[in-house]
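Trainee: I would like to learn how to read the features of a model like this one. Can we take them one at a time?

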Amino acid sequence: MQNPQPKTDWGVVASRAAGVLIFLAGILLAAGLCAAAPPPSNPIPSIFAPHSTPADFINHLSLFVLGICGLIFAVVFTLLCYAIVKFRSRAGDAEREPAQVYGSTQIELAWTVIPVLIVVVLFLASARVIHAVQDAPEPPGALDVTVIGHQFWWEFRYPGLGVVTANELHIPVSDSAHPTPTFLKLFSADTDHSFWVPQLAGKTDLIPNHPNEMWVDPHRTGLFLGQCAQYCGTQHAKMLLAVSVDSAEDFAAWARAQKQPGFQDEKENAGRRVFETNACMNCHAVSGTAATGRFGPDLTHLMSRRTIAAGAAENTAQNLRLWIQDPDALKPGSLMPAMQLADSDLDALVRYLGTLK
């Protein structure tokens with residue numbers, strides 16, 4: 001007795017095809033949303049909204065690769081649908097054997113040569129961008145910045161300006177009339193980190209005892225966010241990068257302010273004594289004082305920064321007090337110790353730090 005041949009359920013086929021089309025439409029919609037340039041007041045890290053030459057190179061390469069992969073997908077999907085429809089099971093097929101095909105030189109050459117050509121094209125396109133981005137020499141007139149990754153914060157040093165800051169990088173805009181690229185030299189103080197600001201450049205690793213370099217030339221002013229893109233420990237996820245691209249005038253004003261020694265308010269001498277007589281000064285530096293620590297961020301102009309704890313919280317007196325009293329409350333697993341200060345000393349210390357602008 002012969003088994004009856006199953007009939008094709010066209011409803012199931014149609015529903016699956018519709019699901020695939022909806023999935024593809026969702027991908028295209030997400031790409032379109034990412035491609036929309038975010039306003040400066042609401043920065044969204046996205047490779048689809050480049051604002052620097054290295055990011056432009058990477059964006060163009062990404063779209064090129066995406067286009068080729070989309071074309072391959074469309075061809076394969078079309079052939080798959082054609083095969084499903086044309087060679088579907090029909091009544092009477094059980095009575096005969098399908099035609100046996102043992103090989104086709106033309107088809108085998110096609111599916112060998114075409115993929116090889118595609119891989120060669122993608123390789124050459126990627127190598128061209130990598131060479132342009134990574135092998136570019138330091139341009140004349142560039143701003144030099146030394147970036148040091150720590151667990152779990154960023155240190156920025158400007159050798160030519162004598163400025164040291166943390167977590168919030170300030171660089172000048174580089175327009176066609178006055179090109180001012182920024183050349184970054186990347187170091188690690190402990191373990192592997194990765195410097196990534198998607199709208200300005202690609203990822204570059206910070207490896208102990210292996211200096212790396214990268215450059216950016218932002219085309220507009222604004223705030224651009226990034227992240228440590230290499231797992232570096234417990235608080236890797238809270239190691240935010242904030243790059244403030246300033247106009248030439250604003251950057252010069254910021255640099256002048258950062259060169260000034262820490263503001264000393266005689267009214268807050270009690271807080272300064274707390275800072276200098278506890279372990280604070282062993283890790284942190286404040287210019288103009290005896291504090292010259294290098295294990296933690298330089299606090300000379302702490303209140304000029306938007307956030308504390310590498311972006312974990314807004315820089316407010318309340319958050320600053322909590323950060324000193326119980327660092328794990330804001331950043332569990334951070335390497336900053338709880339200071340165990342009396343409430344009066346803690347309040348005096350917070351008031352003193354609030355004067356460091």
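Trainee: How many helices and strands does the secondary structure of the chain come to?

Mentor: Before the count, some ground rules: this is a predicted model, in which local features need pLDDT of at least 70 and side-chain atom pairs count only at pLDDT 80 or more, while totals for chains, interfaces and linings use all residues. Residues are numbered from 1 along each chain as its sequence is written, and side-chain values use heavy atoms, with hydrogens and water left out. Helices (H or I, at least four residues) and strands (E, at least two) are DSSP runs, numbered from the N terminus. On that basis the chain has nine helices and 12 strands.

Trainee: What share of the 357 residues is buried?

Mentor: Buried means under 20% relative accessible area, exposed over 50%, and partly exposed in between, with a 1.4 Å probe and protein chains only. Here 36% of the 357 residues are buried. The accessible surface, from the Shrake-Rupley method with a 1.4 Å probe and, for residues, only the protein chains shown as cover, comes to about 20500 Å² for the chain. Carbon and sulfur atoms account for 63% of that surface.

Trainee: Which residues of helix H7 are buried?

Mentor: The general idea is that an α-helix has 3.6 residues a turn, so residues three or four places apart point the same way. In H7, residues 317–325, the buried ones are Asn-319, Leu-320, Trp-323 and Ile-324. They lie on the same side of H7, because they cover an arc of only 135° around the axis; the arc is that of the directions from the helix axis to the C-beta atoms.

Trainee: What covers the buried residues of H7?

Mentor: Cover is read from contacts, and contact means heavy atoms within 4.5 Å. The cover includes strands S11 (307–308) and S12 (313–314), along with helices H8 (327–330) and H9 (343–353). For the chain as a whole, among contacts between residues at least 6 apart in sequence, 61% join residues at least 24 apart.

Trainee: What volume does the largest pocket have?

Mentor: On a 1 Å grid over the protein atoms alone, a cavity is a set of points where a 1.4 Å probe fits but cannot get out, and a pocket is an open set with protein on both sides within 12 Å along at least five of seven lines; lining residues have an atom within 4 Å of a point. Grid points are joined across faces, edges and corners, and a volume is the space filled by probe spheres set on the points. The largest pocket has a volume of about 600 Å³. Of its 30 lining residues, the closest to the centre are His-284, Gly-296, Pro-297, Trp-323 and Met-336. Helix H6 (280–283), S11, H7 and H9 each give two or more residues to this lining, and H7 has the largest share, with three.

Trainee: How do the residues of that lining divide into nonpolar, polar and charged?

Mentor: Ala, Val, Leu, Ile, Met, Phe, Trp, Tyr, Cys and Pro count as nonpolar, Asp, Glu, Lys and Arg as charged, and the others, Gly among them, as polar. The pocket lining has 22 nonpolar, six polar and two charged residues.

Trainee: How many cavities of 30 Å³ or more are there?

Mentor: The count is one, and the largest cavity has a volume of about 50 Å³. Its lining has 10 nonpolar residues, no polar and no charged; among them are Leu-169, Phe-195, Leu-200 and Met-214. Strands S4 (168–172) and S8 (212–216) each supply at least two lining residues.

Trainee: Where is Phe-152 found?

Mentor: Phe-152 is in the loop between strands S1 (143–150) and S2 (153–158). A cis peptide bond, with omega about 0°, joins Gln-151 and Phe-152.

Trainee: Is Ala-309 buried or exposed?

Mentor: Ala-309 is buried, at a relative accessible area of 11%. This residue lies in the loop between S11 and S12 and has a positive phi of about 60° although it is not a glycine. Asn-209 also has a positive phi, near 65°, but counts as exposed at 82% relative accessibility. Asn-209 sits in the loop between strand S7 (204–206) and S8.

Trainee: Which residues does Cys-280 touch?

Mentor: Not counting residues up to four places away in sequence, Cys-280 touches Phe-275, Met-339 and Leu-349. Cys-280 is found in H6 and is buried at 9% relative accessibility. Cys-280 and Met-339 are 59 residues apart in sequence, with 8.4 Å from C-alpha to C-alpha.
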